Amino acid sequence: MDSDTPPLIVDIDGTLTDESRAIDPRVMPVLREWPARVVIATGKAIPFPIALCEFLGIERTVVAENGGVVFVEATDELRLEGDHEAALAVGEAYRDLGHDLGFGQVDLANRWRETELVVSLDQPLEPLEELAAARGLVVLDTGFAYHVTDPVVDKGTGLEAVCAELDLEPAEFLAVGDSVNDAQMFDLAGEAVAVANADETALERADRVTDASYGDGFLEAVAPYRD
Ligand SMILES: O=C(O)COP(=O)(O)O
Ligand SMILES: [Mg+2]
């Protein structure tokens with residue numbers, strides 16, 4: 001790697017992990033040693049990408065909740081955006097219809113969420129979409145959960161917010177991801193790479209698609225910058 005290595009914005013689930021959400025340990029030294037800025041951009045709530053950065057020993061620069069939450073350690077900036085009240089109201093109405101969010105009583109998927117709501121993929125989608133639309137929200141199926149999200153934010157607006165803090169341009173970035181929630185960051189990045197297991201939207205919006213899936217796909221995506 002040399003000084004021409006672009007800053008990197010990377011998704012977690014399906015890109016750094018396998019289908020069971022287990023991280024591929026081979027991605028860790030790559031992220032740790034990346035010579036430019038690394039941004040972790042995820043649909044997960046902020047404790048997960050923050051913990052990932054901490055355990056990797058890299059600076060905490062994070063887009064969480066599909067852009068609803070942005071944290072930039074370098075400038076001590078935390079930005080929350082999106083109608084959380086509306087997302088919670090969707091959850092309540094969904095339960096009133098006899099459905100369940102599907103993550104049990106403790107619900108670690110929603111516990112630390114500050115702007116959106118997630119529902120397990122084994123729960124019915126249609127009523128969720130109807131309730132979300134009635135409140136101006138959208139439902140994103142990432143392949144790992146249904147996200148009830150405010151369309152004013154996405155990983156693209158998150159990338160823009162990070163760039164505004166760090167005096168970078170989205171077009172400088174290499175982006176790697178696997179699903180519909182990566183589409184807007186793909187559109188803004190200078191180079192967008194989808195791993196082979198990516199969904200249709202991510203495949204369409206990518207500049208390059210790897211032959212390999214999951215962690216192997218990520219390693220293939222960044223290989224040109226590591227040779
Ligand atoms: O939380 C999800 O459903 C997906 O998370 P990801 O954006 O890191 O892939
Ligand atoms: Mg993903």
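## Asp182

Asp182 sits in the loop between β9 and α6 of this predicted model; helices (H or I, at least four residues) and strands (E, at least two) are DSSP runs, numbered from the N terminus. Asp182 is buried, with 35 other C-beta atoms within 10 Å. Here, buried means 20 or more other C-beta atoms within 10 Å of a residue's own, exposed means 12 or fewer, and partly exposed lies in between, with C-beta atoms placed from the backbone.

Leaving aside neighbours within four places in sequence, Asp182 is in contact (C-beta atoms, placed from the backbone, within 7 Å) with Asp11, Lys155, Gly177 and Ala202.

## Asp178

In the loop between β9 (174-177) and α6 (183-188) you will also find Asp178. Asp178 is buried, having 30 other C-beta atoms within 10 Å. Beyond residues up to four places away in sequence, its contacts include Asp11, Gly14, Asn197 and Ala202.

## Asp11 and the annotations

Asp11 lies in the loop between β1 (8-10) and α1 (27-33). Asp11 counts as buried because it has 30 C-beta neighbours inside 10 Å. With neighbours within four places in sequence set aside, Asp11 contacts Asp178 and Asp182, among others.

UniProt, in an unreviewed entry, lists Asp11 under "active site". The "binding site" annotation, also from an unreviewed entry, covers Asp11, Asp13, Asp178 and Asp182. These span 172 residues in sequence, yet no two of their C-alpha atoms are more than 11.0 Å apart, so they gather at one spot. UniProt positions follow the numbering used here, feature names are shortened, and annotations may be inferred rather than shown by experiment.

## Conventions

Residues are numbered from 1 along each chain as its sequence is written, while chains are lettered from A and ligands numbered from 1 in the order in which they are written. As this is a predicted model, local features need pLDDT of at least 70 and side-chain atom pairs count only at pLDDT 80 or more, whereas totals for chains, interfaces and linings use all residues.

How values were computed:
Two residues are in contact if their C-beta atoms, placed from the backbone, lie within 7 Å.
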